Amino acid sequence: MKACFLNKPAPIETNPLQYGNMTAPQPASGELLVRIRYCGVCRTDLHVVEGELPPRKSPVVPGHQVVGIVEKSGEGAVKFQIGARVGIAWLFRTDGVCHYCCSGAENLCDNPAFTGYSVDGGYAEYIVAPEDFVYSIPEAFPDEQAAPLLCAGIIGFRSLRLSGIKPGGRLGFYGFGAAAHVAIQVARHWGIEVFACTRDTRHQRLALDLGAKWAGGTFAEPPEKLDAAIVFAPAGEIVPAALKVLHKGGSLVLGGIHMSPIPSFDYDLLYQERVIRSVANNTRQDGEDFLRVAAEIPVRTHVRFYPLREANLALNALKNDAIPGAAVLKIEE
Ligand SMILES: [Zn+2]
Ligand SMILES: [Zn+2]
């Protein structure tokens with residue numbers, strides 16, 4: 001099969017992903033073989049490719065927002081019919097037995113596998129995945145619309161939940177890429193006012209088009225104090241700036257898997273029961289709940305297509321904030 005794989009992490013400007021042939025995987029017991037149609041491009045892929053996340057497998061095929069068709073079922077895999085349209089996300093598998101898995105927090109599993117990081121992902125024509133971690137894609141979404149929902153969408157949704165924001169509340173977004181452009185649609189659906197702080201004016205415009213009450217630069221101060229904010233941009237210097245605009249008791253949620261160091265700041269910014277918390281992965285419940293809500297709304301993603309062979313180009317564009325919405329690899333030539 002054709003695939004883009006990474007032998008060794010390197011700056012994306014050096015085009016470290018190689019396009020070539022690999023042996024297609026075969027489904028083990030309980031697994032599905034999926035023929036991939038589209039794979040979303042996520043900032044986490046960039047962190048894998050550039051080595052900000054320590055390598056877990058080499059070579060590795062990145063990509064964890066996979067939409068495709070079940071081609072073959074491994075022994076005992078009975079949940080999906082051949083030909084069913086499915087999605088595969090970041091959480092590839094958990095051990096199912098650790099303290100976290102047994103207490104409703106499988107996103108924090110002690111022995112997880114992650115798609116496109118510790119196992120091969122979706123920058124390829126085929127992937128295998130355990131059927132228990134595969135999602136059914138609601139009919140409301142065309143394939144290419146669904147791809148960015150599988151990480152950007154689900155993680156944005158978990159971030160919204162963890163922010164504790166209530167209908168009528170005021171919510172800030174720092175960074176307005178793939179995750180934020182989906183999360184704002186859910187937030188607006190819930191009657192939340194959104195304020196977007198992001199450096200690129202195209203992204204500010206997209207935020208306003210999607211119903212933001214206000215949009216400005218990353219360090220511009222929103223016109224009103226916020227009940228909560230979510231930081232999607234991987235820049236630690238945003239943390240004190242965002243704390244400054246939170247109400248007492250407000251929460252700041254850090255939605256990324258990686259962030260540059262957070263500068264020290266005065267305790268006053270945190271005092272008055274403000275909270276900072278990170279988001280790590282998602283549970284399958286988050287994924288299913290999100291896909292249901294997203295289909296109800298229905299969420300519409302803004303996608304820019306790249307052919308599989310141009311995965312380096314897509315990641316370069318992502319790094320340079322050049323994609324309004326989400327980049328998606330079209331796998332079938
Ligand atoms: Zn576990
Ligand atoms: Zn992701």
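In this predicted model, the side chains of Asp143 and Arg85 meet in a salt bridge, 2.7 Å from N to O. Asp143 sits in helix α2 and Arg85 in strand β5 (residues 85-88), so this contact ties together parts that are 58 residues apart in sequence. Asp143 is buried, at 13% relative accessible area, and Arg85 is buried too, at 19%.

Arg35 pairs with Glu71, and because Arg35 belongs to strand β3 (residues 31-41) and Glu71 to strand β4, the two join parts 36 residues apart in sequence. Lys213 and Glu224 make another bridge; Lys213 is in the loop between α5 (201-209) and β12 (214-216), while Glu224 is in the loop between β12 and β13 (226-231), 11 residues apart. There's also a network of salt bridges linking Arg158, Arg161, Asp286, Asp289 and Arg292.

| Salt bridge | N to O distance |
|---|---|
| Asp143 and Arg85 | 2.7 Å |
| Arg35 and Glu71 | 2.9 Å |
| Lys213 and Glu224 | 3.1 Å |

Now for the metal. Cys42 (SG), His64 (NE2) and Cys151 (SG) coordinate the zinc ion (ligand 2) at 2.0 to 2.2 Å, with the donors spaced C-x21-H-x86-C along the chain. His64 comes from the loop between α1 (43-50) and β4 (66-73), and Cys151 from the loop between α2 (143-146) and α3 (152-163), 87 residues apart. Both His64 and Cys151 are buried.

The largest cavity holds about 60 Å³, and its lining includes Leu6, Val48, Arg56 and Tyr117. By type, that lining splits into six nonpolar, two polar and two charged residues.

Key
Residues numbered from 1 in each chain as written. Chains lettered and ligands numbered in written order. Predicted model: local features only at pLDDT ≥ 70, side-chain atom pairs only at ≥ 80, totals over all residues. Heavy atoms only, no water. Donors = N, O, S within 2.8 Å, 3.2 Å for Na, K, Ca; no water. Helix = DSSP H or I, 4+ residues; strand = E, 2+ residues; numbered from the N terminus. Buried < 20%, exposed > 50% of the residue type's maximum accessible area, 1.4 Å probe, protein only. 1 Å grid on protein atoms, 1.4 Å probe; cavity = no way out; pocket = protein on both sides within 12 Å on 5 of 7 lines; lining within 4 Å. Points joined across faces, edges and corners; volume = space filled by probe spheres on them. Nonpolar A, V, L, I, M, F, W, Y, C, P; charged D, E, K, R; others polar. Salt bridge = Lys/Arg side-chain N within 4 Å of Asp/Glu carboxyl O.
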